[in-house]
Amino acid sequence: RVAAPTLVLGGTADALVPARVLRKVLRRRADWSGAVLDDHRHALMLDDPREYLARVAEWRATTDAAVA
């Protein structure tokens, strides 16, 4: 069982992990943060690095504040 703060990011155009699976995981793990982004593929950090970094920075800011 994962007890650490967790961020899950995926896309609706992901051929490896379907968006429905990501949404199901996020529903089951209310303690995790995440998003399923429209028209994004599996390698979000390569396809849209600005979006990826913005999401990670936002998550880190809220997570760091909650953990401190």
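Q: Why is Arg41 called partly exposed?
A: Buried means under 20% relative accessible area, exposed means over 50%, and partly exposed is what lies in between, with a 1.4 Å probe and protein chains only. Arg41 has a relative accessible area of 49%, so Arg41 falls in that middle class.

Q: How do you know what kind of model this is?
A: It is a predicted model, in which local features need pLDDT of at least 70 and side-chain atom pairs count only at pLDDT 80 or more, while totals for chains, interfaces and linings use all residues. Residues are numbered from 1 along each chain as its sequence is written, and side-chain values use heavy atoms, with hydrogens and water left out.

Q: What makes the link between Arg41 and Asp47 a salt bridge?
A: The rule asks for a side-chain nitrogen of Lys or Arg within 4 Å of a carboxyl oxygen of Asp or Glu. Here N and O are 3.0 Å apart, so the pair passes. Asp47 counts as partly exposed, because its relative accessible area is 37%.

Q: How many salt bridges does that rule give?
A: The count comes to 4. One of them joins Arg55 and Glu51, at 2.7 Å from N to O. Another joins Asp64 and Arg60, with the closest N and O atoms 3.2 Å apart. In general, side chains of opposite charge can pair when their charged atoms come close.

Q: Why are Arg55 and Glu51 separated by about one helical turn?
A: Because they sit 4 residues apart in helix H3. Asp64 and Arg60 are also 4 residues apart in helix H3, so about one helical turn separates them.

Q: Why is Gly10 called buried?
A: Its relative accessible area is 3%. That is under the 20% limit, so Gly10 is buried. You'll find Gly10 in strand S1.

Q: How do you know which residues Gly10 is in contact with?
A: Contact means heavy atoms within 4.5 Å. Leaving aside neighbours within four places in sequence, Gly10 is in contact with Leu22, Ala35, Val36 and Leu37. Turn to Val36 and, not counting residues up to four places away, the list includes Gly10, Ala19 and Arg23.

Q: What makes a group of residues a nonpolar core, and which residues form the largest one?
A: It takes buried Ala, Val, Leu, Ile, Met, Phe, Trp, Tyr and Cys residues joined through side-chain atoms within 4.5 Å. The largest such core has 6 residues: Val8, Ala19, Leu22, Leu26, Trp32 and Val36. Helix H1 (residues 19-28) gives the largest share, 3 residues. In soluble globular proteins, nonpolar side chains tend to be buried together.

Q: What makes a space a pocket, and what is the volume of the largest one?
A: On a 1 Å grid over the protein atoms alone, a pocket is an open set of points where a 1.4 Å probe fits, with protein on both sides within 12 Å along at least five of seven lines. The largest pocket has a volume of about 170 Å³, where volume means the space filled by probe spheres set on the points.

Q: How do you know which residues line the largest pocket?
A: Lining residues have an atom within 4 Å of a point. Among them are Leu7, Gly10, His42 and Tyr52. Strand S1 (7-11), helix H2 (44-47) and helix H3 (49-67) each give two or more residues, and S1 gives the most, with 3.

Q: Why is Asp39 called exposed?
A: Because its relative accessibility is 70%, and that is over 50%. Asp39 is found in the loop between strand S2 (33-37) and H2.
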